[in-house]
Amino acid sequence: MGDSVQLIKHVELYVNSSATPSQQVASVDAVAALLKNDLLTLDALVREMEMYLTTTDSIVRSRGTLLLAEILEQLTSKPLNSTSIHSLIGFFTERLADWKALRGAIVGCLALLRRKVDVGIVTDSEAKAVAQSYLQNLQVQSLGQHDRKLSFQLMDCLLDRYPGAIRDLGDNLVYGICEAIDGEKDPQCLLLVFHIVESLARLYTGPLANFAEDLFEILGSYFPIHFTHPKGEDDDVKREELSRALMLAFASTHLFEPFSIPLLLEKLSSSLPSAKVESFKYLSYCSTKYGPERMVKHAEALWSSVKDVTYISPSSTPSTESESMGGMSFQDSEIMRHAFVLLQEVTRQHADFVSLVIADNDIHVFINSLNQYKEFDDIPVLVKQKLHALGHILSTCAKPSVELCNKVFEGFFPLLMDGFGLSAAKPSDNVECKFGAIYLCTELLAASRYLTLSLDNCTLDPDFSRQTWHVMLSNFSKSLEKAFIALLRSNVADNAESAYVYFGVKGLQILATFPESFLPVSKSIYDDILLELVSIVTSSGSKTFLWTLALKALVEIGFFINKCPGSGKAASFESIVVEKIVSLISSDDSALPLSLKLQAVFEIGETRKDIMLRVVQALDEAISTKFSEVNDHGNHESYNMIVKLLDTYTQKVLPWFLEIGGSEEIPLNFALGIWDKMETSRFLNVNPLQIASGVLGATMTAMKSAVGSCSKENQEIIISKAFGILFSSTDFGSPGFKSGNDIVKEDELQQTNNNVGRDKWLTSLFASVVIALRPQTIIPNGKMVLQLFITSLLNGHVPSAHALGSLVNKLPLEINGMDSSTSFTLNEAMDIIFHSFNILGNDGSGIDFGSLRLNTLRIQSAINTVVGLAWIGKGLLMRGHEKVKDITMSLLSFLTMDGQDGLPKQFQNLIEVSDEKGVNQLMICAGDAFRTIMSESEECLNRKYHANVRPLYKQRFFSTIMPILISLVVKSESSFVRSMLYRAFAHVVTETPLSAILGEAKKLVPLLLDCLSMLRKDVSNKEIIYSLLLVISGVLVEKTGQEAAVENAPGIINQLTDLTAYSHMTAIRETAIQCLVAVSQLSHTRIYPLRTKVLRATSKALDDPKRVVRQEAVRCHQTW
């Protein structure tokens, strides 16, 4: 009883005309839930609703019918018995005649017709009754948009799910559909209309014959699809979607061919480019569906239309690659692209279509006319466009089949050979440089090669070698080879980026890359081609364009050879190309620059893994040889060679192996080989400056790359070998290195000052190994290693600082199951570091100046200490360790030393430290340490070298350090100390993600302005000023920062206007003016009082010596 009351309540609410849409939806959901949960039967529902379904009140009746229909829509997966379905479909079928309740009737029919077999479906006879009622009672075009859409969905459903049931309706069905769709304009409805026509044509070809013309007249009126409503409406139906649906309807039956093809050809004369594109697209698709026997009568018209847009009036434009491709690279218009697609489809279906192209007199006249041009530059652009189009036409016609290739070769190849001045009987080195013949010849060669590649895996016709094109090409292959080589050796090859050179190399490449099973050129010709290209690559390289093309051709030939590794071609390539090119590394005879040698060797190596392995072997031997020349014989000419060899390994070879998933043997062997060299070289004849800038730097980079790409196990092999070699040296046997806990003594540091040469190499390379280790890799005798780096750091060795930062970033927090005598934890390492640097504990007081060894080691040692602390702090920060606070406070204690107004109390007893300039340098270094901590590094502590990186570590440090810095700035009484604090502040702010800055913009903007004001007094701060301007720019542009910008608008404008005249850096002036443009978008009342000042500043900037600044000034002046 309660369910019945609730049901009536929901029904009454739904049929009530005052109910809101959301209330109606809730009522449907509630009743459907009762049915789904079997709390109510469908029969009971219909009985309860009988009054609402049969009442004479049309409003109540229509709403009651719609309610029942919408409930059924939610029951599509609920099984219903055949009696219920029969009763319901009969009811809704009758209601199709009740135009007052039509929407509910259509929705109900759709809900029942869409049901699946396993839950009960409508029978064929019932579906036929629905269709008959539809055709008899519905005047579709008199309905509103939504009801028309439902009506079309109903017919579409009948055609899709019950085609057999309504087949007997014959002409009545076709006529009724024609009547229903005629005049439809709504895009959503048209999408259904076109699909209905497609289904109708596919299913009922017989009945459609009498109505084909009438039906197509309706369809044709929509071509081409053009929306007349404003943009933004009907976004759910795109023009492309509608156009494709219409195209499918056009091509749905061959009965439309007599009407559609003439219409599409006619539309090609339209002045609208979109209409031409659509016409070619439809013609391409319809021609494949209608079949060649129906399209043959349109062949001449189709060729004429293609010829007109591609050849007669080409709309192509030179592409960006035109110069590098012989000046003949054109970007075809969209119309041309679709015309070529049509040509391809038609020639593939109807071989005789090519005869129209071959017999076209205009083309033959044009080919002959090309002989009048003696130089490529003499050819007009329009002629080049036509030549490009003709090459595309011939290529498209020749590609589909052997038969078509034969026809094209018969029609044009002899003509081109005559233009080329070639004879099959007498090959000659003298060739007439007639570009038209050269270009078209290479296009035909490329087309025939494309054909052979497509047929290479097919069963061969035994008479294939007797095919016309194959015979012609074989007969002329020697002449073509000599002609193309002659082009490369002629005077035209001296011209930079010569078109003759480009197509000469391209012709040789094509001849050399035919599949061996179709080989139209002999082995001797193939070998001659390789020899010619290799001779170009191994020459001086003065003809850069020719050299680059020849190398690229050899690489392409090499990749092609991979498809047939056991063939004669592969053997020739190996003996002629690979051996000669790889030998360039060790050859000193060639005039070719080393950079070009390495480029050639690497690119040839890329063609196959086994070739790259030979390249690696040659590189290793060359590096070893050059090291010997430098180290043992003092041959300083080998410096640059070593650097380039190592750079090739680091930047090209190793990444290539990593990309293809190669073995770790390559980087492992390289790293071990370098250490073997270090072990056998007792002396290194390289002075320190060259070490710092050249050979050592390249070796360290290569070492890091090699070690970083190895697994944990291989890294342990490398670190063990490196450790043994390093500490077997007598120079590293001092007591300071034996203990990991002792502070480095004064005299020990003095001794290490003299350790350059081999010791510096060993330490630097060992640091490179440590930097690239994985966190899991075990370091032998870690405490001794740590002490080595501390000692080297205090002596000014920056790689040791990098290594210390990497160590503290990767050392474990605790040791499990490892030998504590050789392994140690992060806390142990930090104790040693703090003890060595005299850093106090967690009380935050930083450096203990009273015990720091500045009194005798000079200020430089303190600077070295700051550098080390910066990298150590960076390593700790990135892993999120709390001891970064101690490092930070130590750096801040250096920052607050005042070199102008006197030293802090704890520093005053260091009488020997009286160099004010030195103290200032130390404070500047401490400020720059914050840039080291926050910035990204290529040298170390990055993901490439397996650093531990905690998410949001920069934001976390920003939120921690900023209150401390701000407090120190406020308390500082010394202008120099304040400037140093602002220096640190600037580095932190500029390296922090903008999102974090915006959250604190109100606090930071005044400080940013004060920071700018103070730092711009020193020219050396220009890079920092530029970075700060970028931050201010972000604040001005982002909405979350504009509120803070409005509050500080006068200060911002004052600073920016001053910087528009900053003479030391163009980018600062440009950015300052751009920021002023952004300021103009702020509150008018805040910025208007300063408008005159801005205009005065921009007026002066209009005379700036740099054009980019003047342009920004014009824009800013106009904005303000």
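A charge sits over a ring if NZ of Lys or CZ of Arg is within 6 Å of the ring centre and within 35 degrees of the ring normal. By that rule R63 lies over the face of Y14, at 5.8 Å from the ring centre. Welcome to a predicted model, in which local features need pLDDT of at least 70, side-chain atom pairs count only at pLDDT 80 or more, and totals for chains, interfaces and linings use all residues. Residues are numbered from 1 along each chain as its sequence is written, and side-chain values use heavy atoms, with hydrogens and water left out.

**Charge over a ring**
- The charged end of K399 sits over the ring of Y450, 4.8 Å from its centre.

**Aromatic pairs**
- Rings of Phe, Tyr and Trp (its six-membered ring) pair if their centres lie within 6.5 Å; planes under 30 degrees apart count as stacked, over 60 as edge-to-face and the rest as tilted.
- The count comes to 25 aromatic pairs.
- F413 and F476 have ring centres 5.7 Å apart and planes at 80 degrees, so the pair is edge-to-face.
- F413 belongs to helix 23 (residues 402-420) and F476 to helix 25, so this pair ties together parts 63 residues apart in sequence; helices are DSSP runs of H or I, at least four residues, numbered from the N terminus.
- Both F413 and F476 are buried, meaning under 20% relative accessible area (1.4 Å probe, protein chains only).
- Ring pairs also link F216, F223, F250, F256, F259 and Y282 into a cluster.

**Cysteines**
- With a disulfide defined as a pair of cysteine sulfur atoms within 2.5 Å, the count comes to zero.
- C1116 is buried, at a relative accessible area of 0%.

Terms used:
Buried < 20%, exposed > 50% of the residue type's maximum accessible area, 1.4 Å probe, protein only. Helix = DSSP H or I, 4+ residues; strand = E, 2+ residues; numbered from the N terminus.
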